Amino acid sequence: MKNRILVVEDDLAIAEAIELNLTLSEYACKVFHDGADAAAYLSEDHSFDLALLDVMLPGLDGFSLMEHMERYGIPVLYLTAKIDLASKIKGLRLGAEDYIVKPFEMLELLVRMEKILARTGKLDRILRYHDVVLDCTNRTVTKSGEPVSLQPLEFDLLAMLIRFKNCTLSRDRILNEIWGYDFAGGTRTVDIHIAHLRKKLGLERSIVSVMKLGYRLED
């Protein structure tokens, strides 16, 4: 089942960009542009795994919405143009899991969301890409129902590619996320593991090389 995300953002362009990217990453989204409308909707449907809340909203601001999120146990990540430290501290003290300042890179938002969902135990543990299925709990992989043997780092790399499907991931970001910041090897390690995944899973055309940057798993 897809993770459900509540988005409350009054800037239409930002809201549309978030909805598009979350949909491409296989999240289910419900978007509101008014805080009061979002609060009213929650009384009918509050089965969300995470809320992305702007702070400055018409109707009811993001800080005031926090009590509604807490009532239904919905973790909150604030999206805001307010860069002052006092606002950030207020949001965190109210109970927000994280706080990201506009403008932000969409990939950074997706990474922060994944961290929150994992930390709160809400992250979808089954990942799918066409006929490839990853069970992140048991760390098993199947393709067309047949088991595929992957090394631990190959599994983690494939999971990252699927979670951030259609997003370009730089070699440095992949290296830091999978191997860690203290890894002494070079980015060639990423290329080798990508080659293994392409061969083992028949993803030669799906895992696209982005010149001088990294890789993207395309739907």
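## Overall size and fold

A compact globule of 219 residues would have a radius of gyration near 17 Å, and the protein chain agrees with this at 19 Å. The model is predicted. The C-alpha trace covers about 55 × 35 × 30 Å along its principal axes.

The protein chain holds 8 helices and 12 strands. Of its 219 residues, 47% are buried. Take the contacts between residues at least 6 apart in sequence: 58% of them join residues at least 24 apart.

## Helix 6 against helix 7

Two packed helices are described by the angle between their axes and the distance between the axes. Helix 6 spans residues 152-163, and helix 7 spans residues 171-179. They pack at an angle of about 125°. Their axes lie 10 Å apart. Angles of 65 to 115 degrees count as roughly perpendicular and those over 145 as roughly antiparallel; helix 6 and helix 7 are therefore oblique to each other. Their crossing is right-handed.

## Residues at the contact

Which residues of helix 6 and helix 7 make the contact? Helix 6 contributes L153, D156, L157 and M160. Helix 7 contributes R173, I174, E177, I178 and W179.

By class, the residues of this contact divide into 6 nonpolar and 3 charged, with no polar residues.

Methods
Residues are numbered from 1 along each chain as its sequence is written. This is a predicted model: local features need pLDDT of at least 70, side-chain atom pairs count only at pLDDT 80 or more; totals for chains, interfaces and linings use all residues. Side-chain values use heavy atoms; hydrogens and water are left out. Axes are lines fitted to C-alpha atoms, for helices over the stretch in contact, and angles run from 0 to 180 degrees between N-to-C directions. Helices (H or I, at least four residues) and strands (E, at least two) are DSSP runs, numbered from the N terminus. Angles under 35 degrees count as roughly parallel, over 145 as roughly antiparallel, 65 to 115 as roughly perpendicular and the rest as oblique. A crossing is left-handed if the near helix is turned anticlockwise from the far one by less than a right angle, and right-handed if clockwise. Contact means heavy atoms within 4.5 Å. Ala, Val, Leu, Ile, Met, Phe, Trp, Tyr, Cys and Pro count as nonpolar, Asp, Glu, Lys and Arg as charged, and the others, Gly among them, as polar. The radius of gyration is taken over C-alpha atoms; the globule rule is 2.2 Å times the number of residues to the power 0.38. Buried means under 20% relative accessible area, exposed over 50%, partly exposed in between (1.4 Å probe, protein chains only).
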